Amino acid sequence: MNESEQQALEKIKKECLTYFHQNPVWKKVLKGFRDKYNSYGRFGGKVVLKNLKSRDIEELEGFFGKSFHGQKSVTVSAEKFQQALKESRYKDIPPKCLLEDFFGEPLLGKQEQKLLREQEKEKIWQKFLEDYKETVTEMTAELLRNIVKDSDSQELAEWDRALRLGAEIYNHLPYRQSDKLYLAVFASMMTGNPHAFDNGTVAGNFLYQMIQMDLEIRKIKIESSEIFPAYKRQKSYLTAGIMLDDISNYAMLYQVEAVKKDGSFHKGMEGFASEQHIVQVPLAVITEWESLYCPQDEIYIVENPSVFAVLCGKEKAGNVRRAYMCMNGQPRLAGLMVLDLFAKSGIRIYYAGDLDPEGLLIAQKLSQYYKGEFHYWHMETADYEKCRSEKVISPKRMKILERITDERLNPVLEKIEEHGTAGYQEMLVEDFKAE
């Protein structure tokens with residue numbers, strides 16, 4: 001094709017585009033054929049046009065030389081469109097060329113699209129490997145890639161962002177710097193949003209996957225607990241150096257001394273025991289302990305803070321030293337970790353809780369959880385008769401008793417069912433005596 005012929009063709013192309021841009025109906029037609037091309041890899045198929053205006057009908061009739069009067073929809077086949085184009089003054093414009101010029105981008109079939117996507121994906125991956133070379137992510141890149149799976153519907157830029165977020169999380173898990181951070185603080189550092197990793201969010205689930213990957217690499221296995229289902233998640237985060245705000249509480253202890261992981265005694269706990277003072281120990285401190293010591297290798301644990309305070313006050317005034325702990329209602333991670341240390345240290349536990357459905361269930365759970373010698377303390381029928389209140393237990397709460405399976409609790413359970421009222425351990429405080 002010489003220069004003049006090329007110029008003539010370019011002129012026809014411009015006129016052709018002008019024509020097909022003059023009425024919105026052609027955008028619908030050509031978009032339909034473009035979508036078909038992307039699926040079939042060729043110019044083919046049929047396009048169904050609905051809700052056409054009278055002007056659209058006239059435009060189609062003029063191009064195809066056929067009446068569509070009175071029709072609610074019009075079906076345009078690729079063959080009919082190609083034939084009409086050949087019979088027009090734009091006969092030298094191939095349908096594929098028309099589609100590419102009209103939308104300003106090349107047409108690609110499924111295989112071509114897939115190949116192009118894979119090539120682009122490989123470029124992103126190689127750039128990622130280059131950027132994180134000589135970081136801890138380098139050795140675990142393939143594991144990360146298995147977590148950050150790519151779907152055909154996902155933008156590759158989004159896949160790239162997820163890979164990089166995963167690498168930043170893995171590189172900066174707080175334990176690497178022997179540090180502990182609250183979840184919101186870590187989220188702000190990684191994303192600028194303190195709530196980015198909240199439980200139940202996509203990013204929160206992703207963070208948990210990254211933590212599980214790290215634990216697997218370090219060969220750390222955290223057993224799940226049917227008794228306290230949230231324990232595995234909470235402990236996993238803590239092992240990575242991340243404290244969840246909802247469980248980053250403390251343990252209330254009295255006359256308990258601790259040995260740290262370096263073998264030395266915790267001077268603070270030693271001092272509080274010497275002064276005979278109650279101490280609230282933050283979760284972050286508990287993670288530094290290796291074992292615990294209690295006088296007579298036993299500890300008395302109560303559910304309520306007020307009872308705990310009275311008992312500790314009595315001990316301070318007496319001659320015999322005894323260790324106490326307050327569970328303060330439902331056990332959280334700090335309390336459970338202290339129990340783990342008690343079990344490891346061979347400490348015998350005596351536990352006293354409220355004599356109501358919730359109190360019995362907590363007591364049973366702790367007994368099932370504890371991997372050492374565990375006794376119920378002042379949870380007998382005589383205790384219930386002394387502390388029974390007039391507060392009626394609702395039918396919904398009474399159903400909790402169906403979950404009590406420990407035979408040691410059956411006598412007091414039957415009394416609760418008989419009277420239908422709750423017993424509170426505050427009313428027994430004068431009767432609490434060590435075994």
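In which helix is Met189 found? The legends below, which refer to a predicted model, begin with this residue.

**View 1. Met189 and a nonpolar patch on the surface.** Met189 is found in helix α9, which spans residues 183-191. With a relative accessible area of 48%, Met189 counts as partly exposed, and together with Tyr182 and Val185 it forms a nonpolar patch on the surface, whose accessible area comes to about 280 Å² for the three residues together.

View 2. In helix α3, made up of residues 54-64, the buried residues are Asp56, Ile57, Glu59, Leu60, Phe63 and Phe64. These residues lie on the same side of α3, because they cover an arc of only 160° around the axis. An α-helix has 3.6 residues a turn, so residues three or four places apart point the same way. Ser54, Arg55, Glu58 and Gly62, on the other side of α3, are exposed. The cover over the buried residues of α3 includes the helices α1 (3-21), α2 (24-40) and α4 (78-86), as well as the strands β1 (46-50) and β2 (73-77). Just after α3 comes Gly65, which takes a positive phi of about 65°.

**View 3. The surroundings of Gln255.** Gln255 lies in the loop between β5 (250-254) and β6 (257-260), and it is buried, with a relative accessible area of 3%. A polar atom of the Gln255 side chain lies 2.8 Å from the backbone oxygen of Ala273, while a polar contact of 2.5 Å joins the side chains of Gln255 and Arg321. Leaving aside residues up to four places away in sequence, Gln255 also touches other residues, among them Gln276, Tyr293, Cys294 and Pro295.

Key
Residues numbered from 1 in each chain as written. Predicted model: local features only at pLDDT ≥ 70, side-chain atom pairs only at ≥ 80, totals over all residues. Heavy atoms only, no water. Buried < 20%, exposed > 50% of the residue type's maximum accessible area, 1.4 Å probe, protein only. Helix = DSSP H or I, 4+ residues; strand = E, 2+ residues; numbered from the N terminus. Arc of directions from axis to C-beta. Contact = heavy atoms within 4.5 Å. Patch = residues over 30% accessible without salt bridge, like charges linked within 9 Å, V, L, I, M, F, W, Y side chains within 5 Å. Areas by Shrake-Rupley, 256 points an atom, 1.4 Å probe, with all protein chains shown as cover. Salt bridge = Lys/Arg side-chain N within 4 Å of Asp/Glu carboxyl O. Polar contact = N/O pair within 3.5 Å; in protein donor to acceptor, adjacent residues only side chain to side chain.
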